[in-house]
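Please look through the structure shown here before reading on. The report that follows takes it part by part.

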Amino acid sequence: MEAIEHISHGGRTLVYIIRAALQPAQTQFVTSPEMNQQVGFVVYPRGGQIARHFHKPLERRIVGTAEVLVVRQGRCEIEIFSEQREWLATRQVARGDVIVILAGGHGFRMLEDTVLLEIKQGPYTGLDEKERF
C-alpha cells in the first residue's frame, strides 16, 4: 500500500489518500501549488518556530468544492467516481488516514462506527451545492 495514493482520471488528479503511517522527515506538500486545496506536512525540530504572521485578505476565484477528510475513528470505504459519474476505485481508509478530494464524485460506506473530520471551503450554501447520483 502506498503512503500517498493519487487517483486520477483523464490526466487530472481527483483524490489523494494519505495513509496514517506516513511520517515525513521534512516539510512536504502533497498537493501542487495551483490546486484549490493545499495539503501538506510542515515539519520542524523541537524548539523550531513559525514566525508570527497573518494571511493577507487576497481575493481568489475558486470553482468547485475541495474537501479534506481525516478518519478520526473507525473504518470505511470511499468510492471514487469520475466527473462523468463513472466508478473508478474503491479504497478502504482507517483511523489516521487523510482523504483529499479535489474533483469527481464520491460516496462512503461505513465498515465500523466512524468519525470523519471534514474540512472544506466555505461558505456552505446548503444541499443545493450537491448533486446526488
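What percentage of the contacts in the protein chain between residues at least 6 apart in sequence join residues at least 24 apart? The share is 60%, a value computed, like the others in this report, from a model that is predicted.

## The chain as a whole

Along its principal axes, the C-alpha trace of the protein chain spans about 50 × 35 × 30 Å.

Of the 133 residues in the protein chain, 31% are buried.

An open sheet is formed by 5 strands, which follow the order S1-S2-S8-S5-S10 with antiparallel pairing. At its edges lie strand S1, residues 4-9, and S10, each of which pairs on one side only. Neighbouring strands of this sheet are turned against each other by 20 degrees on average, with direction ignored.

Within this sheet, S5 and S10 are joined in the antiparallel sense over 6 bridges. In this pairing, Val-68 stands opposite Ile-119, which belongs to S10. Strands of a sheet pair through backbone hydrogen bonds, and they may do so in either a parallel or an antiparallel way.

## The sheet of three strands

Another open sheet has 3 strands in the order S7-S6-S9, and here too the pairing is antiparallel. Strand S7, residues 87-94, and strand S9, residues 105-110, are its edge strands, each pairing on one side only. From one strand to the next, the twist averages 20 degrees.

Strand S6, which covers residues 75-81, pairs with S7 in the antiparallel sense over 7 bridges. Arg-75 stands opposite Ala-94 in S7, while Ile-78 has Arg-91 of S7 as its bridge partner. S6 is also joined to S9 by 6 bridges, and these two strands run antiparallel; in that pairing, Phe-81 stands opposite Gly-105 of S9.

Is Ser-82 buried or exposed? Ser-82 counts as buried because its relative accessibility is 2%, and the limit for a buried residue is under 20% relative accessible area.

The side chain of Ser-82 reaches the backbone nitrogen of Gln-84 at 3.1 Å. When its neighbours within four places in sequence are left aside, Ser-82 is in contact with His-9, Leu-14, Leu-88, Gly-104 and Gly-105. One of these residues, Gly-105, is the residue that Phe-81 stands opposite in S9.

## The largest pocket

How many residues line the largest pocket, and which of them are the closest to its centre? The largest pocket, whose volume is about 1000 Å³, is lined by 31 residues, and the closest to its centre are Thr-65, Glu-67, Gly-104, Gly-105 and His-106.

Several strands take part in the lining of the largest pocket: strand S2 (12-18), strand S5 (67-73), S9 and S10 each supply at least two residues. The largest share comes from S9, which gives 5 residues to the lining.

## Two exposed residues

Glu-59 has its place in the loop between strand S4, residues 40-41, and S5. Glu-59 is exposed because its relative accessible area is 81%, whereas the exposed class begins over 50%.

Pro-123 lies in the segment after strand S10, which covers residues 115-120. With a relative accessible area of 71%, Pro-123 is likewise exposed. The C-alpha atoms of Pro-123 and Thr-90 are separated by 29 Å, and the two residues are 33 residues apart along the chain.

Terms used: Residues are numbered from 1 along each chain as its sequence is written. This is a predicted model: local features need pLDDT of at least 70, side-chain atom pairs count only at pLDDT 80 or more; totals for chains, interfaces and linings use all residues. Side-chain values use heavy atoms; hydrogens and water are left out. Two strands pair if DSSP finds at least two bridges between them. Helices (H or I, at least four residues) and strands (E, at least two) are DSSP runs, numbered from the N terminus. Axes are lines fitted to C-alpha atoms, for helices over the stretch in contact, and angles run from 0 to 180 degrees between N-to-C directions. Buried means under 20% relative accessible area, exposed over 50%, partly exposed in between (1.4 Å probe, protein chains only). A polar contact is a pair of N or O atoms within 3.5 Å; within protein, one must be able to donate a hydrogen and the other to accept it, and residues adjacent in sequence count only if both atoms are side-chain atoms. Contact means heavy atoms within 4.5 Å. On a 1 Å grid over the protein atoms alone, a cavity is a set of points where a 1.4 Å probe fits but cannot get out, and a pocket is an open set with protein on both sides within 12 Å along at least five of seven lines; lining residues have an atom within 4 Å of a point. Grid points are joined across faces, edges and corners, and a volume is the space filled by probe spheres set on the points.
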